[in-house]
Amino acid sequence: MLAKRIIPCLDVDNGRVVKGVKFVDIRDAGDPVEVARRYNEEGADEITFLDITASSDDRETMVHVVEDVASEVFIPLTVGGGIRVADDVLRMLNAGADKVAINTAAVFNPEFVKEVTDRFGSQCIVVAIDAKQVSGEGEPLKWEIFTHGGRKPTGLDAVEWARKMADYGAGEILLTSMDRDGTKVGFDLALTRTIGDAVPIPVIASGGVGNLEHLVEGVQEGGADAVLAASIFHFAEYSIGEAKRFMAERGVEVRL
Amino acid sequence: MARRVAVIDYGMGNLRSVAKALEHVVEADDQVLVTSRPDEILDADRVVFPGQGAARDCMIAISEHHLNRALLDAAHSKPFLGICMGLQVLMEFSEENEGTELLKLFPGNVRHFPRGAVGPDGRRLKIPHMGWNQVHHTGDHPLWQAIPDNSRYYFVHSYYVDPAEPDITAATTDYGVTFTSALARDSLFAVQFHPEKSAAAGLTLLHNFVRWEPSACC
């Protein structure tokens, strides 16, 4: 039986892993290769790197990070952040990324997703969706796509957008709830379930994980194919191994 | 004796991770060569044939690189490992791209996963089949050495091979259907999953391949 995946996510700024930027300025930077190696040894099913470098000059650094990690860590690697043109995708794939996550560029130009899935194949294109609930109390649930870290509304309905991205060839959707991101109160399960039911491709749930129970809920109630978390692993609250054993005990199929 | 492992580059996807994983498991004096040259493929001791993307593009790329003959020759004469699309194109015909003729090394077709199939948990099975699934060995093979049966490997694909000769199946995997996830004949072994992305189990399989001395061939 196919296992549900557990994916640790690393924020990378100018070639270093940055921890906890959302909370306080703990820039306890680690070496991405070291961190990736540790997660691999603990049994991570994939690793996602989010390039949060502001300057485009420093993006070249990310290419080297991917090269270094891919030489030593033999599990799938996804890279997101700052992917704007097909050549960005190509550079990351050539550096050793298995998948590239596209977010803002897809919102501004949906045809871009078609272009890169045609050229590189659906299997390596992940569309990252940042969604926020916009329905009020008592209204039918509705979520909208936001960009710029949840600050800019786009007017796009999240469910329609996810369907469109799947139609355009995306191989997977990385779904982040902007309402839950950083809150540690658990995934937006209704959002996860709604998007997962709407598209034929796998959905990765993201945003809000604070404990291991949340990972189980994401799969069992949210119907997610994979769960992504950052802070619970970074701050060594839980190891990937602990998370997997907990999920297995709760009846989730995982790779142990 | 130093071995020379050729990874066939025909422009279908990134071969870096395949080459890196092989470099990780070979002996110090072995050589891993990424090449699109038929002469280098024929000179190598063993050949790895990866691939991703669509079937039609793969067949066009093989033809444009003038690799048909070198490929078939290598597949018959030396240890040969097909990976993902490098497995599928060995069959006769693929349903992909409204039908694509393949290399016809093995009778049988490549089929799309059934749409709307439901998994053991009652939920729709997503396509592509993406993630870590179990590989059930159908018998002993030198490439399975030191790898427990039902180990998990990383898969990402929407089509699967359906060989007409059941005895070439070396392993099966369940995803809505039970499909052939590895096949073997003589000096050839081919897998649907990605050993280069499958952590310890995948590296062990590559380690075994590099040291494999098939007796039933040549």
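Analyst: Let us start with the contact between the chains. Contact means heavy atoms within 4.5 Å, and here 43 residues of chain A and 30 residues of chain B take part. This is a predicted model, in which local features need pLDDT of at least 70 and side-chain atom pairs count only at pLDDT 80 or more, while totals for chains, interfaces and linings use all residues; side-chain values use heavy atoms, with hydrogens and water left out. Residues are numbered from 1 along each chain as its sequence is written, and chains are lettered from A and ligands numbered from 1 in the order in which they are written.

User: What confidence does the predictor give the complex and chain B?

Analyst: The complex has an ipTM of 0.94 and a pTM of 0.95. For single residues, pLDDT is the predictor's confidence on a scale from 0 to 100. Chain B averages 94, and 98% of the residues score at least 70.

User: How much area is buried between chain A and chain B?

Analyst: The size of an interface is often given as the accessible area lost when the parts come together. Buried area is counted with a 1.4 Å probe and summed over both parts. Here the value is about 2800 Å², with carbon and sulfur atoms giving 52%. On the chain A side, Met1(A), Leu2(A) and Phe74(A) lose the most area to chain B, together 28% of what that side buries.

User: How many salt bridges and polar contacts are there between chain A and chain B?

Analyst: A salt bridge is a side-chain nitrogen of Lys or Arg within 4 Å of a carboxyl oxygen of Asp or Glu. The count across the interface is three, and one of them pairs Lys197(B) with Asp98(A) at 2.9 Å, N to O. A polar contact is a pair of N or O atoms within 3.5 Å; within protein, one must be able to donate a hydrogen and the other to accept it, and residues adjacent in sequence count only if both atoms are side-chain atoms. There are 23 residue pairs of this kind between the chains, both residues at pLDDT 80 or more.

User: What does H3(A) pack against?

Analyst: Helices (H or I, at least four residues) and strands (E, at least two) are DSSP runs, numbered from the N terminus. Buried means under 20% relative accessible area, exposed over 50%, and partly exposed in between (1.4 Å probe, protein chains only). The buried residues of H3(A) include Val89(A), Met92(A) and Leu93(A). Those buried residues pack against H2, S4, S5, H5 and S6 of chain A, together with H1 of chain B. Just after H3(A), Gly96(A) takes a positive phi of about 125°.

User: Which residues other than glycine have a positive phi in chain B?

Analyst: Among them are Cys84(B), with phi near 60°, and Asp186(B), with phi near 50°. Cys84(B) sits in the loop between S4 and H5 of chain B, whereas Asp186(B) is in the loop between S12 and S13 of chain B.

User: Are Cys84(B) and Asp186(B) buried or partly exposed?

Analyst: Cys84(B) counts as buried because its relative accessible area is 6%, while Asp186(B) is partly exposed at 45%.

User: Where is the cis peptide bond?

Analyst: The cis bond joins Ile127(B) and Pro128(B), with omega about 10°. Pro128(B) lies in the loop between S7 and S8 of chain B.

Key:
Buried area = accessible area lost by both parts, 1.4 Å probe.
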